[in-house]
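Take a look at the chain below. We will start with the whole and then move to single residues.

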Amino acid sequence: MKILIVHAHPEPRSLNGSLRDRMVATLHAAGHEVVVSDLYAQGWKATLDGADFPTEPPGARLDLIDASHRAFADGAQTPDVAEEQRRLLWADAVLLQFPLWWFSMPAILKGWVERVYAHGFAYGVGEHSDRRWGDRYGEGVFAGKRAMLVVTTGGWAEHYLERGINGPIDDLLFPIQHGILFYPGFSVLEPFVVYRAERTDAARFEAITADLDRRLAGLFTEAPIAYRRQNGGDYEIPSMKLKEGLERAGQQGFRLHRA
Ligand code: FAD
């Protein structure tokens with residue numbers, strides 16, 4: 001199978017760099033094809049701005065969604081964006097790999113999403129009417145592909161539990177897993193998270209990578225997170241509110257969107 005790793009760490013000798021190298025080796029050994037988008041090494045431009053739309057009329061007010069739509073439809077995107085889109089379409093599975101920085105992904109990776117997820121490509125697809133909000137949340141360009149986050153944190157695992165001070169890790173990752181991955185159609189696997197990353201020595205690295213190898217072995221067989229599909233009947237139309245009574249007792253917040 002074909003696997004794209006989008007890697008966001010500036011230091012190749014970091015733990016993230018080591019985990020990236022290990023993932024490439026493990027996936028190659030299993031017979032997969034692997035491409036790495038190493039965002040810092042590529043000098044990825046992190047900000048979405050007018051330079052992304054060189055064919056827009058000079059001096060015109062920049063409407064980002066319209067400009068994105070035109071650039072994608074007309075083949076007028078910058079080559080770096082078009083190349084990342086090609087990689088995404090090529091891949092059967094995508095791994096987003098990053099250290100948790102300020103409770104989210106590093107800015108360079110957010111900027112990759114903002115620039116690569118063009119209108120008409122990753123959003124704004126399908127019928128938009130008073131009956132339907134397009135092909136999203138379980139449908140879209142990446143339907144049939146799998147995705148998984150590989151994340152390291154400084155905080156302890158306990159800090160990210162239900163009552164932990166940082167908030168539950170599933171809640172913190174919800175905007176990425178549900179908003180960025182499930183929205184354009186990926187089937188999203190449970191994340192692979194390394195907590196308290198600074199406390200990694202050779203022995204712990206072996207244990208972490210053994211766990212990671214097991215997760216990679218299940219990349220195409222593990223059951224994905226059971227996020228509810230937008231067009232699967234669980235939401236009222238057009239309000240897109242979850243229908244009353246579908247939740248389990250006590251289920252609330254982001255968890256409502258897991259069947
Ligand atoms: P590194 O610091 O590179 O390495 C960690 C340890 O792994 C080191 O001891 C290193 O020697 C060891 N190691 C590396 N490679 C190997 C190998 N091959 N074999 C054995 N050992 C190895 N944390 C949070 O929990 N929440 C936050 O919101 C948060 N915000 C942050 C914001 C910023 C701007 C920064 C810089 C950090 C933040 N952190 C936060 C901490 C951050 O998540 C961790 O520092 C990061 O996850 C560690 O990953 P790394 O790849 O940078 O590790």
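**A walk through the chain**

The accessible surface of the chain comes to about 12800 Å², and 56% of that surface belongs to carbon and sulfur atoms. Keep in mind that this is a predicted model.

Now trace the fold. The chain has six helices and six strands. Starting at the N terminus, their order is β-α-β-α-α-β-α-β-α-β-β-α. The radius of gyration is 19 Å, close to the 18 Å that the globule rule gives for 259 residues, so the chain is as compact as a globular protein of that length. Along its principal axes, the C-alpha trace spans about 55 × 50 × 35 Å.

What share of the 259 residues counts as buried? The figure is 46%. Contacts tell us about sequence distance too. Take those between residues at least 6 apart in sequence: 75% of them join residues at least 24 apart. Charges come next. There are 29 positive and 34 negative side chains, and the centres of the two sets lie 3 Å apart.

Zoom in on helix α3, residues 79-90. Its 12 residues reach 16 Å from first C-alpha to last, close to the 16 Å expected at 1.5 Å a residue. Which residues of α3 are buried? They are V81, A82, E84, Q85, R87 and L88. An α-helix has 3.6 residues a turn, so residues three or four places apart point the same way.

Next, find L189. This residue sits in the loop between β5 (187-188) and β6 (192-194). Is L189 buried or exposed? Its relative accessible area is 0%, so L189 is buried. Beyond its neighbours within four places in sequence, L189 contacts a set of residues including R146, M148, Q177, L219 and I225. P57 is another matter: 132 residues away along the chain, its C-alpha is separated from that of L189 by 42 Å.

Finally, check some backbone details. Y137 is not a glycine, yet it has a positive phi of about 50°. Y137 lies in the loop between α4 and β4 (146-152). R196 also has a positive phi of about 50° without being a glycine. The loop between β6 and α6 holds R196. With 28% relative accessibility, R196 counts as partly exposed. A cis peptide bond joins I237 and P238, with omega about 5°. P238 belongs to the segment after α6 (202-217).

How values were computed. Residues are numbered from 1 along each chain as its sequence is written. This is a predicted model: local features need pLDDT of at least 70, side-chain atom pairs count only at pLDDT 80 or more; totals for chains, interfaces and linings use all residues. Side-chain values use heavy atoms; hydrogens and water are left out. Helices (H or I, at least four residues) and strands (E, at least two) are DSSP runs, numbered from the N terminus. The radius of gyration is taken over C-alpha atoms; the globule rule is 2.2 Å times the number of residues to the power 0.38. Buried means under 20% relative accessible area, exposed over 50%, partly exposed in between (1.4 Å probe, protein chains only). Contact means heavy atoms within 4.5 Å. Accessible areas come from the Shrake-Rupley method with a 1.4 Å probe; for residues, only the protein chains shown count as cover. Lys and Arg count as positive and Asp and Glu as negative; His and the chain ends are not counted. The place of a charge is taken as NZ of Lys, CZ of Arg, CG of Asp or CD of Glu. The expected span of a helix is 1.5 Å times one less than its number of residues.
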